[in-house]
Amino acid sequence: MESLATDGFQHIFVINHQGDIAHNRMLLDVVTRRHEEGSTGVVLIEPDFIADRLGEAAKTPALATFAMQPLFEGLELTGELGVHAEEIESALMMRWFPELVDYDAMTRLQPTGLGPADLAEWRKGGEHARSVTPQGYFGAPSPRDPFLWRFYQRMARAMADTVAGSLAAHGTPGEAEPGRNNAGVSEAP
C-alpha cells in the first residue's frame with residue numbers, strides 16, 4: 001500500500017474473501033494504520049458478517065461493508081451449513097473449471113451435517129479443523145442448483161458497489177456510480 005500511495009494512488013481498496021478472523025483482524029489493523037498515517041483513501045472491503053465478528057474494531061472509516069444475506073436470495077440451496085468446499089464453491093468450480101471437477105466423487109460425498117458448535121471448533125484451525133472435517137469439506141459438496149456460481153457474481157457486484165459508494169463518500173468526481181453493474185458482471189448462465 002505504501003508503494004501504491006507513493007506512486008500516486010489516492011484510493012486503494014483491499015478486497016478480501018477469506019473468513020479467518022485472525023487474517024481479517026490483521027488486514028483491518030494494516031488499513032487502519034494507513035488511515036492513521038493520513039492515507040484515508042485506503043479501505044478494506046468485507047461482508048457485514050465479518051464486520052460483526054470484528055466487533056468494535058470494525059467501527060472505522062477504514063472498513064466498508066456490504067450485506068451478505070441478500071446475495072443468497074432466489075438461489076436453491078440444500079439448507080446445509082456450508083463453509084468450505086461446499087455447494088456454492090463446487091458450483092463455482094463446475095462453471096469456470098469443469099475439467100478439475102471429479103463429478104463421480106462429488107456426487108458420492110455426503111453433506112457433513114455440521115452446525116454452529118462444529119464451526120466454532122473448525123475455526124480454531126489446524127488439528128481442530130481436521131478433526132471436524134477429516135475429508136476437507138464443511139457442508140454439502142454437491143450443489144442442488146448448478147447455477148449457484150451466480151452468488152459470486154452477486155458478491156462481485158456488491159463489492160463493486162461498495163467501492164463506488166466509498167468513492168462517492170470521498171467526493172471523488174467522475175467515478176463509478178453505486179447501483180450500476182460496475183464490475184462488468186452479469187448473472188446470465
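## A first look at this predicted model

Glu121 and Lys124 form a salt bridge, their closest N and O atoms being 3.0 Å apart; a salt bridge here is a side-chain nitrogen of Lys or Arg within 4 Å of a carboxyl oxygen of Asp or Glu. This is a predicted model, in which local features need pLDDT of at least 70 and side-chain atom pairs count only at pLDDT 80 or more, while totals for chains, interfaces and linings use all residues. Residues are numbered from 1 along each chain as its sequence is written, and side-chain values use heavy atoms, leaving out hydrogens and water.

**Salt bridges**

- The structure holds six salt bridges.
- Glu121 is partly exposed at 25% relative accessible area, whereas Lys124 is exposed at 54% (buried means under 20%, exposed over 50%, partly exposed in between, with a 1.4 Å probe and protein chains only).
- Lys59 and Glu56 pair through their side chains at 3.0 Å, N to O, and both residues are exposed.
- Asp145 and Arg150 also form a salt bridge, with 3.2 Å between the closest N and O atoms, but both of these residues are buried.
- Glu2, Arg34 and Glu37 are linked in a salt-bridge network.

**Helix α8 and the cores**

- Helix α8 covers residues 150-169; helices (H or I, at least four residues) and strands (E, at least two) are DSSP runs, numbered from the N terminus.
- From first C-alpha to last, the 20 residues of α8 reach 28 Å, close to the expected 28 Å, a span defined as 1.5 Å times one less than the number of residues.
- Because 14 of its 20 residues are buried, α8 is largely enclosed by the rest of the structure.
- The largest nonpolar core has 17 residues, and Phe151 and Met155 are among those touching the most other members (a core is a set of buried Ala, Val, Leu, Ile, Met, Phe, Trp, Tyr and Cys residues joined through side-chain atoms within 4.5 Å).
- Helix α8 gives this core its largest share, seven residues.
- A second, separate core of 14 residues includes Val14, Ile21, Leu27 and Ala58.

**Two threonines**

- Thr60 sits in the loop between α3 (48-54) and β3 (63-66), and counts as buried at 16% relative accessibility.
- Beyond neighbours within four places in sequence, Thr60 is in contact with Leu28 and Thr32, contact meaning heavy atoms within 4.5 Å.
- Thr107 lies in helix α5 (residues 103-108) and is exposed, with a relative accessible area of 53%.
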